[in-house]
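Dear colleague,

Please find below the structure that I am handing over to you.

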Amino acid sequence: MAAARWYHRDISQVVAEELLAKAGRDGSFLVRDSESVKGAYALCLLFQRHVYTYRILPDDEGLLSVQTIQGIQAKCFRTLPDLIGAYQHPNNGLVTPLQHPVHRPRPDEDSDGEDARGWGHTVPCPGAPPSSRTHIPQQLHQRLQEQVHSSPASDFTGFMAEYLTHHVHDLEALCHGQPQLRHLSTALATACRALHSEIDSTLAGLETLVKVFDPPVSPRSPAREQGFLSSDPDLELLLNKISTVNHLLSSLEKKVLKSLQETVTRHNLALPSVAMTPLPAARPLAVQNFEVKVGKCQRAALTVDVESGTVTVTKKGSSSPEEVIPQDKILQLIKYQSVQSKVRLVCARENQKSLSRDFIFPNARKREAFCQLLQLMKIQHSNLDEPEIISVYVGTWNMGSTPPPRSLASWLTSRGLGRTQDETTACIPHDIYVLGTQENSLGDREWVEFLCASLKTLMAIDYRVVALQCLWSIKMVVLVKPEHQRRISHVHTSSVKTGIANTLGNKGAVGVSFLFNGTSFGFVNCHLASGSEKTHRRNQNYSDILHSLALGDKRLGGFDLTLRFTHLFWFGDLNYRLDMDVQDILSHIVKKEFQALLAVDQLSLEREKNKVFLQFSEGDISFPPTYRYERGTRDTYVWQKSKPTGMRINVPSWCDRILWKSHPETHVVCNSYGCTDDIVTSDHSPVFATFEVGVTSQFVPKEAPGSGPEALACIEWESIEVILKTTSRSKCYIEFHSYCLEEVQRSGENTFQNCEIPGFLKLGWSSKHLPVLNPILPHLEYLGDQHLLLSIKGVESCESYGECCLALRSAIGSTAQQFETFLFHRGEETGSLRGWMRVRVPRGRSGTRERLYEWISFEEEEEDAEPAAEPPTCPKPPPQRLRSRPRSLPEPATGYTNPAYFIFEGVPNARLPGPGEAPEKQAERPAGGPRCRSPGGPRLPVPSEEEPWCGRPRCGPPSRGSPLSPPRAGHHKRPKSAVLARDAPGLGDCSLCAATRPSQLGQVSPQGRGDRQELPPRLSQHLEVPRPLGKRGAPGAPELEAQPAPPAGPQPARL
């Protein structure tokens, strides 16, 4: 099996199609592992530029056969090479015989001697030419010589060099199915011969000490009975001796302690009593004061007392009395985006009218601290049995194989450089702490106890350990407040090695997942390959981790790891570097010109190319690179490192990162992202990030079961259209997964198919072939928190071509709403999906309530507008929160690639005012709305009446104009692709083209549907912001408003 170069193991379907496309000849084939059936294979065959996939299944006796149509006798084979050989002849049922095997590419070895996929994959078998047999011994000899200069064990190195000369005998035995490495055992036994006498002497001393404290029980160990004084250098005997030493050392402490306790009891010795100090109670939050400005010149002081639940306003230089506002009278907190330090407080009064007050803080950090304290006040004084919002702390630190300092206070309280916590909120304890380390030399128990003690000193809370997962020196600890321990369930842990041959754990990842009530969390701490030139290797590490990490619900094992959790946090020493000369980097750091450095950050560049971390978010980076510092100081970067192979350059870089990805329309806000500046034991600085996360609990309906006729909610589909990046012609079906469904649902086969554009397959489903889904509970409040996972699977292979996640919240209502999103599989973008759906909620089940995180919102301030003295009697529902594009990434270019997918870079769904309508203000998303960055950027203008699409109107073709935008235009690019034939400007013309300017894509027909997506700052002045879709299903849903188009300039062209 190892000799078959056409066998590619667990590569993805996308990679298999790319390899066959490079081969280009009819009859080219390869075999990979099946993704749908464990132990099965997938035979991929190229014919007439399309890839046909056949499943090879084992039967109960282990015989292999190609899956056939029902009723046709299958041919069985004992081995996979036998099967492949038989199907190289014609008339065997395949579309064409197997003619040209596509060999797996040989991995390129890097400077550290680590192959891209591991040198163990290139072991030759008998019959291979002599040159291939001698390749590995020469390679290993070279590695050994590199270690000779730095290793004092010259004798041992000599034994190993001799073994490498003759180790080909072990290779041949291994290829013949004999895994016993006899030559290695002989070499090790000879090299360790001197160790026998040392262990004999150590064992004799330990046994003497054991007899002193445990005289009645002194049996000789089994290893001693076998004769430790024997000169036989047998390796098994040596291992027995080492095991005995380990046993004696671990049991000696218990024996000594037991002996001393018996001595105290026997002689009635009195020991001084140690008074048990009671556990300190949780520290009450101190009353905090803020200096603010009210109006244009009035100074005031805001006093926040979280414990009593009040906010006191004291105007300075005024005879007016203090105004005390109870927390239950605070209706809404509105943050202004135009003025980062300004906030509006909406309060209720006795006369049923609300009152608004605007306060301007000294800076944005003080405003955030004030908002966090008010949020905490609301949580503490709410009457809810279960929390709706929690705070999550995530930290990562490469400890450099040195012990930590005595205090980790700055790391655990998010203080240092970057976006840090204000001193008024730094010591507020978080609900969950997740701490990931790399190159951690401490023992597992010692590290956990140190963290718990540090948090207890800082927060006066005895945190509970949820999980500890380790892989060599990579560790992750998850701690939770004691009151939340009962809310944690379904804890899973996993680890993946990505070192040499994917068998060494010096590089890799550890993962932990769990449920917090009804919300799923996933955490991944990784240490990727090092070196500025190893970007591709790091990308491969990420892909291997994504594919191999076993976390979350096993029923979702077929889905991309990034879709299995409501919130997934990925952090660690990612080791991505800066592509710039070291002296230029140092110059920019001194001037704090971080944007220039972020433009050459490898991680940002790879994310723009959609190579890694698709759809992940990262906070703004406003702190200096965290690697490579001189130990003992944070003033100097040491960028030269001496290695046996020569001098190595390690440019200062942001190696240590924290990213996250959440389901659409969920609540997650990054409140801080920075690094410490006073922990100097390692050449890395610790990095931290804190998050405000919305969580759900078990929904309990107010009506008792059986109190009335059970009305059902239903999820209806009008149409679904999919474009897949594939050369397959397979028919497909859709699987629907959700916790709100009793079981997995499946659609019929697609009713429409088009593969005219090479490399892409277009599929369509009408409403008749899509199932009506009935959630287990019909209540609007319950359904608003639910999501659907969709998987597009081939009918023949039953393997997934791509998966996606849809939120039900925005589809609730009587009218169908459009959705569109990307498809992902094994970390790769594989296509796009769009359609129309609606979620019907029966009458009497449409009640809902405002969540605790929805009372804080964002709002754009009108220029020169005075604050309204008397807003409407009822405060408006919470507007949706806007998420700006992180400034840590380069701004998108103003041009756009012309896609075959539905989503344009930087172009939102828009709606023109109808006849007689006036343009309206800019829209705002309510809290709890879409929180993640939109797929690959904002979306394509929605269908017009120019062309029907699946029963709905469709957009016309884009106008001809400027050439394609550069590859780095925008953060999430769509795949390189061509427009569909029916979207092309002219008959038979499928050339790529783009709109002349962004404003040309801004106008669409009044029938446009879809949610608003935020525009990049450079584009917002050219584009009209969309109006709402209509009813959202919930009573009192916010009316989104649109901003008027700029009066000047030419009118944009219609699509």
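**Salt bridges**

Asp 601, Arg 607, Glu 618 and Arg 657 are joined to one another in a network of salt bridges, a salt bridge being a side-chain nitrogen of Lys or Arg within 4 Å of a carboxyl oxygen of Asp or Glu. The model is predicted, so local features need pLDDT of at least 70 and side-chain atom pairs count only at pLDDT 80 or more, while totals for chains, interfaces and linings use all residues. Residues are numbered from 1 along each chain as its sequence is written, and side-chain values use heavy atoms, with hydrogens and water left out.

Across the whole structure, the search returns 29 salt bridges. In general terms, side chains of opposite charge can pair when their charged atoms come close.

One of these pairs is Glu 386 with Arg 486, whose closest N and O atoms are 3.3 Å apart. Helices (H or I, at least four residues) and strands (E, at least two) are DSSP runs numbered from the N terminus. Glu 386 is partly exposed, at 22% relative accessibility, whereas Arg 486 is exposed, at 59%. Here buried means under 20% relative accessible area, exposed means over 50%, and partly exposed lies in between (1.4 Å probe, protein chains only).

A further salt bridge links Glu 721 and Lys 762, at 3.8 Å from N to O. Glu 721 belongs to strand 28 (residues 714–724) and Lys 762 to strand 32 (residues 761–766), so the pair ties together parts that are 41 residues apart in sequence. Glu 721 is buried, with a relative accessible area of 1%, and Lys 762 is buried too, at 2%.

Lys 609 and Glu 606 also form a salt bridge, with their closest N and O atoms 3.5 Å apart. Lys 609 is partly exposed, at 41% relative accessibility, while Glu 606 is buried, at 7%.

**Overall architecture**

The chain contains 18 helices and 39 strands. Of its 1055 residues, 53% are buried. The accessible surface of the chain is about 47,600 Å², and 53% of that surface belongs to carbon and sulfur atoms; the areas come from the Shrake-Rupley method with a 1.4 Å probe, and for residues only the protein chains shown count as cover. Among contacts (heavy atoms within 4.5 Å) between residues at least 6 apart in sequence, 70% join residues at least 24 apart.

Five strands form an open sheet in the order 4-3-2-1-5, with mixed pairing; two strands pair if DSSP finds at least two bridges between them. Strand 4 (64–66) and strand 5 (100–101) stand at the edges with a single partner strand each, so one side of each has no neighbour in the sheet. Strand 2 (residues 41–47) and strand 3 (residues 50–58) run antiparallel and are joined by seven bridges. Leu 45 stands opposite Tyr 52 in strand 3. Helix 1 (residues 13–23) packs on the sheet and touches strand 1 (28–33), strand 2 and strand 3, its direction making about 165° with that of strand 1. Axes are lines fitted to C-alpha atoms, for helices over the stretch in contact, and angles run from 0 to 180 degrees between N-to-C directions.

**Backbone geometry**

The peptide bond from Tyr 627 to Arg 628 is cis, with omega near 5°. Arg 628 is in the loop between strand 22 (617–618) and strand 23 (640–643).

Asn 575, a residue other than glycine, has a positive phi near 70°. Asn 575 lies in the loop between strand 21 (567–573) and helix 14 (582–590) and is buried, at 2% relative accessibility.

Arg 826 is not a glycine either, yet has a positive phi of about 50°. Arg 826 is in the loop between strand 35 (817–825) and strand 36 (828–840) and is buried, with a relative accessible area of 15%.

**Confidence**

The chain averages a pLDDT of 74, and 63% of the residues score at least 70; pLDDT is the predictor's confidence in each residue, from 0 to 100. Confidence is highest in strand 15 (residues 432–438), at a mean of 98, and lowest in helix 18 (residues 1017–1020), at 36. Over residues 861–1055 the pLDDT is below 50, and this stretch has 481 contacts in the model beyond near neighbours in sequence.

With kind regards
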